[in-house]
Amino acid sequence: METSRPVTGIAVIGAGYWGPNLVRNAQATPGIRLEYLCDLDVERARQVLGEYSTVRVSSSVDEVLADPAVSAVAIATPAGTHHPVALRALEAGKHVLVEKPLAPTYEQGRLLVEAAQRHDRILMLDHTYVYTSAVRHIRNLVRSGELGELLYLDSVRINLGLVQHDVDVIWDLAPHDLSIFEAILPDDVWPVSVSAHGSDPVGAGHACVAHLTIRLSNDALAHVHVTWLSPTKLRTMVIGGSLRTVVWDALNPSQRLSVHDRGVDLGAAGTIGPDTRARRIVSYRTGDMVAPALANTEALRSVMVEFADAIAAHRPPFTDGWAGLRVLAMLEAASISLVKDGVAIPIREIEGAPRPLRWDDDAVADDLPIEASRRGRGEVTV
């Protein structure tokens with residue numbers, strides 16, 4: 001007989017853009033029972049659930065948090081409200097899954113992490129892209145050494161998107177890329193400083209176009225380009241190594257990943273005579289391109305499964321509060337650099353942070369081997 005899984009009662013707070021996706025995946029994930037959808041607009045919440053749903057609707061966060069049937073909440077409210085809503089939930093003894101970013105400031109994010117520790121609750125970030133099959137595969141390529149020494153990362157996330165009124169484009173879009181970097185970097189490479197440039201060509205009051213340059217501890221550079229103003233939608237990332245380069249095109253369903261055995265080989269300085277060292281010979285290596293087969297699984301379903309499993313096993317989730325805090329530290333440095341016209345700003349060290357969890361740690365299932373029936377079908381593109 002199949003062992004029954006513990007069931008966690010959950011409430012989704014926020015029925016706007018992302019809330020309906022959380023509702024759908026919560027209802028389809030074993031180990032989770034959706035108890036409430038909470039939103040100030042009760043009619044909108046009822047429309048999300050449908051006419052025949054037995055899930056309760058409420059406009060009161062206090063009512064939801066007071067219900068003992070609710071053990072956890074998933075927060076999909078505007079970014080500026082993440083801190084107060086999440087803090088109330090943690091202090092009410094609830095486990096928390098919160099949309100990116102963790103909080104509007106590093107200090108508030110730190111308070112959430114400390115509250116989760118104080119109340120012994122799970123705090124997890126919905127860094128959705130980290131749970132895609134593409135990012136899991138890239139992480140394995142980087143950490144196995146198949147790409148060789150990490151040389152550079154370049155990410156482009158542009159489209160004709162909704163210009164946010166409460167955050168700039170860095171805080172709206174860049175957390176996706178920064179959380180991916182956080183997940184795939186090897187243990188001995190970490191972000192050191194950030195230089196940010198941005199512009200506001202439409203008079204929105206904050207940056208609508210931005211470029212981030214992140215210097216890593218091995219002196220490699222990671223670059224992020226984000227904007228709401230591009231008529232063409234691009235979601236690409238290139239990770240260059242000394243042996244191979246991987247290209248991820250999230251919008252290409254037939255070939256999302258391609259691994260190129262092509263690059264540049266340089267002779268070691270000791271093997272080149274003094275007369276030719278200034279004209280160092282560069283040899284170009286041209287090899288095969290491989291397009292790995294990727295599971296067509298829904299990333300947000302894997303997020304929900306990880307949340308349920310972390311609660312059941314009482315272990316830190318892969319994208320825990322500390323991971324969210326590390327992303328906040330990079331965003332904070334980027335904001336300071338933006339004001340200072342691109343001056344490189346050191347990324348603060350996070351005191352007391354445990355070693356970052358990896359999917360190959362004993363505490364986390366190897367490569368998140370979630371059964372297909374629990375993962376769902378299709379990738380969610382955000």
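Helices (H or I, at least four residues) and strands (E, at least two) are DSSP runs, numbered from the N terminus; in this protein there are 10 helices and 15 strands, and Glu182 has its place in helix 7. The model is a predicted one, in which local features need pLDDT of at least 70 and side-chain atom pairs count only at pLDDT 80 or more, while totals for chains, interfaces and linings use all residues. Residues are numbered from 1 along each chain as its sequence is written, and side-chain values use heavy atoms, with hydrogens and water left out.

**Glu182**
- Glu182 counts as buried because its relative accessibility is 17%, buried being under 20% relative accessible area (1.4 Å probe, protein chains only).
- The Glu182 side chain makes a polar contact with the side chain of Arg326 at 2.8 Å, a polar contact being a pair of N or O atoms within 3.5 Å, of which, within protein, one must be able to donate a hydrogen and the other to accept it, and residues adjacent in sequence count only if both atoms are side-chain atoms.

**Whole protein**
- Of the 382 residues of the protein, 53% count as buried.
- Among contacts (heavy atoms within 4.5 Å) with a separation of 6 or more, 70% are accounted for by residues 24 or more positions apart.
- The protein exposes about 17100 Å², of which carbon and sulfur atoms supply 53%, with areas from the Shrake-Rupley method and a 1.4 Å probe.

Methods: Buried means under 20% relative accessible area, exposed over 50%, partly exposed in between (1.4 Å probe, protein chains only).
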